[in-house]
Amino acid sequence: MIDLEKYTQEYWGVIRQHAYRLTGSILDADDIVQDTMLRAIEMGPALENIEDHPEWLYTACTEAALSRLREKKPLELKEFDLPDLIQTMGSSANGVTKSIEAGAVWPSVALEFLFPLQYMTPEQRAVVVLRDGVEDGDRVAASTMGVKIQEVFKIADNADKKRAQIHKYWGKNLFFSSTDEQEKASRVFERFVEVLGFRDKVLMQGLMSPGVELVVRGERRTGDDFVAMACMELLGQMGEKLTFSPVWLNGCRGVLIWTWRTRRNEWLRCGAITILNDDSNVKAMKWYLDGHLLRAIQTEVPQVS
């Protein structure tokens with residue numbers, strides 16, 4: 001008889017990773033993996049009759065994700081957004097599971113893989129993820145979506161075309177690969193953190209490309225001048241004693257900005273800027289105010305303004 005507690009512990013991590021890759025959302029992934037495991041538990045003794053448990057769970061997880069993805073439209077090509085970027089404990093980005101908070105394990109997934117998925121249909125997204133992470137993913141995709149294998153091939157071809165469009169459109173403004181071993185990019189990033197500490201709008205403008213964007217709770221600012229001004233306004237609202245801590249988010253450099261509230265006797269996460277830069281200037285960024293994306297703080301030595 002299957003021990004359901006051990007069963008859940010064994011498969012929770014890999015299914016959570018699959019759900020996250022399918023949705024690009026921390027909250028959706030958590031909900032989906034819980035629904036998937038509940039479905040397995042509710043099968044009772046019939047669960048023992050399943051021949052391939054990983055495949056069955058991948059299928060059930062994909063079905064749950066497709067249902068959720070179909071509730072919202074994919075991004076239009078001209079729209080910019082970033083998937084939920086999970087904080088890693090180091091600079092590696094691809095495939096290694098990282099523990100970022102007590103009792104929770106999240107995969108480290110390359111932004112280059114996640115970013116284009118936001119623009120794809122749910123079916124395209126499912127095929128891409130299954131092909132990339134599941135053995136015989138085409139067959140599993142066909143079974144999950146109830147289509148013939150030839151249709152899966154067509155969906156995959158269209159997904160490849162969509163990815164090419166996205167890279168062509170956003171490639172100049174979004175840096176797709178990790179800045180881990182790029183010396184010039186590292187210097188640009190360090191300079192950016194320094195300028196944040198100075199709170200100097202003019203210096204910050206000099207580091208940004210014209211297409212940089214700032215998103216605060218859905219409000220969008222575009223252009224180096226608008227973004228620099230908005231950053232300075234937000235830093236002013238957050239107070240004087242701020243700490244700028246370099247962090248790694250999916251293998252890309254980022255800054256966590258936080259302060260101390262003595263009345264509550266706790267750290268307050270005021271905001272986080274996700275920085276993606278090349279070796280000349282900052283290409284893209286997103287600011288979260290007290291969001292759920294950085295639930296654990298593991299950083300390098302902080303720089304206090």
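The lining of the largest pocket in this predicted model draws at least two residues from helix 5 and at least two from strand 9, which spans 282-288. The space in this pocket comes to about 370 Å³, and among the 21 residues that line it, T23, K72, L75, Q118 and R125 are the closest to its centre.

At the start of helix 1, the backbone nitrogen of E5 has a side-chain oxygen of D3 within 3.1 Å. Further along, helix 1 bends by about 45° at W12, and just after the helix G24 adopts a positive phi of about 70°.

In soluble globular proteins, nonpolar side chains tend to be buried together. Here the largest nonpolar core holds 41 residues, of which I15, L57, F113, L117 and V127 touch the most other members. Two or more residues of this core come from each of helix 1 (4-23), helix 2 (26-42), helix 3 (53-69), helix 4 (111-117), helix 5 (122-133), helix 6 (137-145) and helix 7 (149-170), with helix 3 giving the largest share, seven residues.

Leaving aside residues up to four places away in sequence, F113 touches R21, V128, V129 and D132.

Conventions. Residues numbered from 1 in each chain as written. Predicted model: local features only at pLDDT ≥ 70, side-chain atom pairs only at ≥ 80, totals over all residues. Heavy atoms only, no water. Core = buried A, V, L, I, M, F, W, Y, C linked by side-chain atoms within 4.5 Å. Buried < 20%, exposed > 50% of the residue type's maximum accessible area, 1.4 Å probe, protein only. Helix = DSSP H or I, 4+ residues; strand = E, 2+ residues; numbered from the N terminus. Contact = heavy atoms within 4.5 Å. Bend = angle between axes of the 7 residues up to and from the residue. Polar contact = N/O pair within 3.5 Å; in protein donor to acceptor, adjacent residues only side chain to side chain. 1 Å grid on protein atoms, 1.4 Å probe; cavity = no way out; pocket = protein on both sides within 12 Å on 5 of 7 lines; lining within 4 Å. Points joined across faces, edges and corners; volume = space filled by probe spheres on them.
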